[in-house]
Amino acid sequence: MTSTGYDVLVIGGGPCGLITAREAAKEGLKVLVLEEHKVIGKPMHCAGVISPRCLRELGIRVTGHMILNEIKGAKLYFPGGNEVEVSRGQVEAIVVDREVFDRELAREAEDAGAEIITSCKAEKISPMEGVAKVLVRCGREEVIIRCKTLVIAEGLVRTLTRELTPIKAKPLTGLQEDYELHEIHIEKDYVKVYFDKRISDRLFGWIIPLGEDRVRVGTASGRAHIGYRELLSRKEVENMIRGARRIRRMGGIVNVDGPLNTFVLRPNVALVGDAAGQNKPVTGGGVYYGGVGGMLLGRAIVRAVEERGLRQFYEGTWRMRFGRDIMVASLFRRFFDSLTNRDLEVLGKVVQEVSEEIVRNGDFDFHARLLMKGGIKVLLRALRRGEGNIYKAFIRALIATILR
Ligand SMILES: Cc1cc2nc3c(=O)[nH]c(=O)nc-3n(C[C@H](O)[C@H](O)[C@H](O)COP(=O)(O)OP(=O)(O)OC[C@H]3O[C@@H](n4cnc5c(N)ncnc54)[C@H](O)[C@@H]3O)c2cc1C
């Protein structure tokens, strides 16, 4: 370690910590990133599906092997056998190799002047006025690092975050495997999404093509192992992976409960990325929302050395950008959570009827417009069909959202 004093210390070398570091270093600050694992990007815990907008706005250089596939649409599967296809025939999402993606971000942060130290874990933080002290363990060695601004980008483990703020959210467990298929070629443009409470109590199961003969199969749920087994037992999934070679198995934590109440915990301590809950409530995706968080935070630090400044330039701007979407998506999250498989079966039928609305208003990153326009149509149609349970579930979710 070359020094024990930094303008900015970032705990966590995931994408959001690295983007914060890159932006702060570009502003001329002395920045250190600490990553507890040996290699940036490993172990990988992400499906890697992001929008072209995400790649563009986060300003990431696209390097060879970073993009595994391009996605033009989705096939949605509901209980009872209903299948809905949505596509505009254009690239809506890309699948990135998160190891390559994170490594590239590390390179960009270093190019901007940030220092990155791996195999070092921040164990204790002591924020004080104007300075924060962090106890860091690197193997058997312990060091104290001082910084003016501390950025906690530790992801959803939230060990350090919990020391400073209470957390009520209950994250889901994600489980996924990559397979190299045997003599089977799949439609490489389409992701498959499985809505079924047996596969996921709160989210969905997925099959993401990584090319014509490679797939990523997974689910995130309160009971991921059971859900994953259920997904694999589906006839079409079973047939697809019969004889296939499993390339890797990954786990991880997924947040669908939205952001924490505040990202700025002390005048000089801020959360970013998954640690702050900067995820989409509908899918749990966090690279874009958290990446933008990193951009805003990294740039705000130099302008704002006191809490009000970080709140305004970082948190305020982030909430202006994503607040409306998060609010609408959280309402629909509560609604989806309370549905049964029987309700999902009905939902599947009405979603089919409004699939054009979905195509028209769908956006990979911003869900409010689709949920408001398509969602209300779905509810009215469900009511017309005499499926009052769905309607009641929505009213309950609405009341819970208002009372929150
Ligand atoms: C199964 C699964 C699928 C997903 N699919 C998608 C997807 O398709 N698209 C999408 O946008 N998002 C997806 N996500 C979410 C996405 O992975 C996260 O939102 C994203 O990685 C958040 O980045 P981050 O930098 O905040 O945290 P992380 O990527 O979790 O990085 C945190 C880093 O901090 C390090 N760390 C933690 N504590 C310490 C410490 N005390 N000291 C030093 N280092 C520490 C960790 O080792 C880690 O490297 C998925 C998540 C899972 C689990």
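Here are some notes on this predicted model, taken point by point.

1. Some ground rules. Residues are numbered from 1 along each chain, as its sequence is written. The model is predicted, so local features need pLDDT of at least 70 and side-chain atom pairs count only at pLDDT 80 or more, while totals for chains, interfaces and linings use all residues.

2. Let's start with the ligand. The shell around the ligand holds 41 residues, and the closest are Gly14, Gly155, Gly252, Gly273 and Gly286. By class, the shell has 18 nonpolar, 18 polar and 5 charged residues. Here Ala, Val, Leu, Ile, Met, Phe, Trp, Tyr, Cys and Pro count as nonpolar, Asp, Glu, Lys and Arg as charged, and the others, Gly among them, as polar.

3. Where does the shell come from? At least two residues each come from several elements, including α1 (15–26), β12 (172–180), β16 (245–254) and α7 (287–303). Helices (H or I, at least four residues) and strands (E, at least two) are DSSP runs, numbered from the N terminus. Domain 1 (5–43 + 97–167 + 258–323) and domain 2 (67–95 + 172–254) each give at least three residues to the shell; these bounds come from an automatic or database domain assignment.

4. Now look at β12. This strand runs antiparallel to β16, with 9 bridges, and Gly174 stands opposite Gly252 in β16. β12 also pairs with β15 in the antiparallel sense, over 8 bridges; there, Glu177 has Val217 as its bridge partner. Two strands pair if DSSP finds at least two bridges between them.

5. Lys42 and Pro43 are joined by a cis peptide bond, with omega about -5°, and Pro43 sits in the loop between β2 (31–34) and β3. Two residues other than glycine have positive phi: His65, near 70°, and Arg158, about 55°. Are they buried or exposed? His65 counts as exposed because it has 10 C-beta neighbours inside 10 Å, whereas Arg158 counts as buried because it has 22. The cut-offs are 20 or more other C-beta atoms within 10 Å for buried, 12 or fewer for exposed, and partly exposed in between, with C-beta atoms placed from the backbone.

Methods. A residue is near a molecule or strand if its C-beta atom, placed from the backbone, lies within 6 Å of it.
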